[in-house]
Amino acid sequence: MPKLFNPTMECSTASCRLFPRVSARSRRGSSLKSAIIAQKPSTLAEDLPSKKRTNWGKYDNSLEQAAAAWRNHKTVNWELEKPLDRTTSFATLASLLKRCGQAKALYHGRLVHAHIRRYRYDWNTFLGNWVVKMYGDCGSIEDARSVFDNLPKINLYSWNILMNAYAQNGCGREALECFQRMQCDGIRPDQVSFVAALDACSSIAALEKGQEVHAAIVRRGYDRQLIVGNALVNMYGKCASLGDARNVFNQMVNRDVISWTAMITALSQNGHCDEALDFFDQMQGAGFKPNPITFVCALDACASLADLKKGQEIHAAIVEAGYEGRADMGNGFLNMHNALVNMYGKCGSLEDARRVFSRMPSRTVASWTAMITACSQNGHSKEALCLFNRMQSDGIKPDQITFVTVLDACTSLAALEKGQEIHAAIVECGYEEQVVVGTALINLYGKCGSLEDARNVFGRMPVRDVVSWNAMIAACAHNGHGMEALDLFDYMQSDGFKPNHVTFLSVLAACSHTGRVDAARRYFNSMREDHSLIPKVEHNVCLIDILGRAGLLDDAENLINSMPLESKARVWLCLLGACRIYGDVERGARAASHAIKLDPENAAPYVLLSNIYAAAGRSFVEVYTPTQSSRCRGTAPGTAQVPWVPYRCRGTGTHGACFFFFENLF
DNA sequence: TTAGGGTTAG
């Protein structure tokens, strides 16, 4: 029995098997035709510059050449291994286009399209719609649009397919324009159109437009449909309108696993991970069995919470469902395994992440990236770099996220040379212009002290976002170029970017390095006043540090006392550090006492205070005795005067310093 | 004889 062609298999293999004679010829000839054929399919698709794709004159040429090349060798009906010809039915052609779309096999899709054009079947809207869908599924949205524009007759299917093509390729605005235009053209949207419109709103987080579409859905009576309800829950979740998502979910007449999964995702992606996990349990209580996608969402919530116990529970449920080790159902199970690796990595259980990874039935670049991230984020940066090499020896090409993770590992190791090597590979792959990659590079160069390289990368970035601006400001601030950092802060705003909490940390660091106390106060106050940002502990620590270093201890202490922060242990500790510099014993004792009260396990305040006393030549220290631990031998909580002897380090245990004092007391 | 809902990596 002949082995059937599977479009998901390696393109080059498929190409050789399908068109052996052409491949042989391509090795000999040097004509354009041969050159096209000699290309690996995926390369050919990428080689058509995006601008040319809309230019049908040029594009037709390529297609015609491709078609001509195959005229003698026949495009093949992959299911029957029969050449395509005039007798091939429309149903077969549609089925081939569908499979090309599912497998994202753009090159083969183009071949089928060429066949359709060759026999002038492009007058047929049914086939034309399938071609539009194929291009949309393959991510070639400009081709989809061109084919749509040349359709002889546009029907409801055509509009719905085009809208989905736009919505699924990150062009929500264009999808919504189609939604308007179809109605202007007198075509009444059906529930599929509404779902596509909601999807478009989700992709660009257009809440108001989504609400408008919701109102139209209610007017037309589609709101009781299960799929429409699910799309609404998803839209409100993606638009961060959790209350609306809940309302729609609660009012749904029917629910299925997808409704529950959409609600779990809405909760988890809007910072309500605990509740998302409650919903996951409730869903099972209501008799719905989680599927691989539900498990992915639940694992994601565990990862965000770093809740290892719940993550392990869910892993056990996956094993019980018989899902572990399965590789069928497209990418469903694969993604679930990736989510397990990710969850264990985020929960700090590298050993479990390794175990899942080693048992995975198959791995994609996402699986490798998840494992590399797990290593890198758990302090095993060298292992992350080894895995990166192993991945490439296994023939998996890194993508932009892999590069970001690997650059982070280099940053942690301060491995500038390795980072530069990876930078060269990034340039070779054409990823340098990607904003996330550029940002990771700026971070690397900034942290490794190579500010000039950071500036170069930043200067070359075609697109920047807040994160890349933050990285560049931080690079300047931490390399002693405080003024440049503050200038960048101004440029960033004139470029239309709103600073966030991270920006202000770097700005305050820049003020600290340049000793600009008044400017620091101004920036700190402007967080709340001009940018509606509530300063976090880190910002307060930064400002106290600046005031403390400048000797403005009164101001620093007053600021701490006026802070509405829940936990002030770190800020008191910061003031304590400043008291040490300025030898302020009384204030130091006060600060230490606050810090110890708030975080009795931390030895740092004891050590700092003892240093202050030693420097002041005092013979005792006054410390707050936190607990009746065995080490304290019955000391009641309260304040004790401890005789001072010169400090010697007595180990690293959390009670080390405490033990030291009490040892001298008794 | 087509189209539609839920998922991961910074």
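This is a predicted model: local features need pLDDT of at least 70, side-chain atom pairs count only at pLDDT 80 or more; totals for chains, interfaces and linings use all residues.
The cysteines come first. The structure holds 0 disulfides, and Cys 201 illustrates this, since the cysteine sulfur nearest to that of Cys 201 belongs to Cys 239 and is 6.7 Å away, whereas a disulfide would require the two sulfur atoms to lie within 2.5 Å. Cys 574 is likewise in no disulfide, its nearest cysteine sulfur being that of Cys 542 at 8.3 Å. Both residues are shielded from solvent in the sense used here: Cys 201 is buried with a relative accessible area of 0%, and Cys 574 is buried with a value of 14%.

The aromatic residues give a further view of the structure, in which a search of the whole model finds 20 aromatic pairs. One of them joins Phe 90 and Trp 123 in a tilted arrangement, with 6.1 Å from centre to centre and 55 degrees between the planes. Because Phe 90 belongs to helix α7 (residues 90-102) while Trp 123 lies in the loop between α8 (106-118) and α9 (125-137), this pair ties together parts that are 33 residues apart in sequence. Phe 90 is partly exposed, with a relative accessible area of 23%, whereas Trp 123 is exposed, at 54%. These two residues also belong to one aromatic cluster, which Tyr 119 and Tyr 121 complete.

Charges over aromatic rings close the tour. Arg 255 lies over the face of Phe 249, at 4.4 Å from the ring centre, and the charged end of Arg 363 sits over the ring of Phe 357, 4.4 Å from the centre of that ring.

Terms used. Residues are numbered from 1 along each chain as its sequence is written. Chains are lettered from A and ligands numbered from 1 in the order in which they are written. Side-chain values use heavy atoms; hydrogens and water are left out. Buried means under 20% relative accessible area, exposed over 50%, partly exposed in between (1.4 Å probe, protein chains only). Rings of Phe, Tyr and Trp (its six-membered ring) pair if their centres lie within 6.5 Å; planes under 30 degrees apart count as stacked, over 60 as edge-to-face and the rest as tilted. Helices (H or I, at least four residues) and strands (E, at least two) are DSSP runs, numbered from the N terminus. A charge sits over a ring if NZ of Lys or CZ of Arg is within 6 Å of the ring centre and within 35 degrees of the ring normal.
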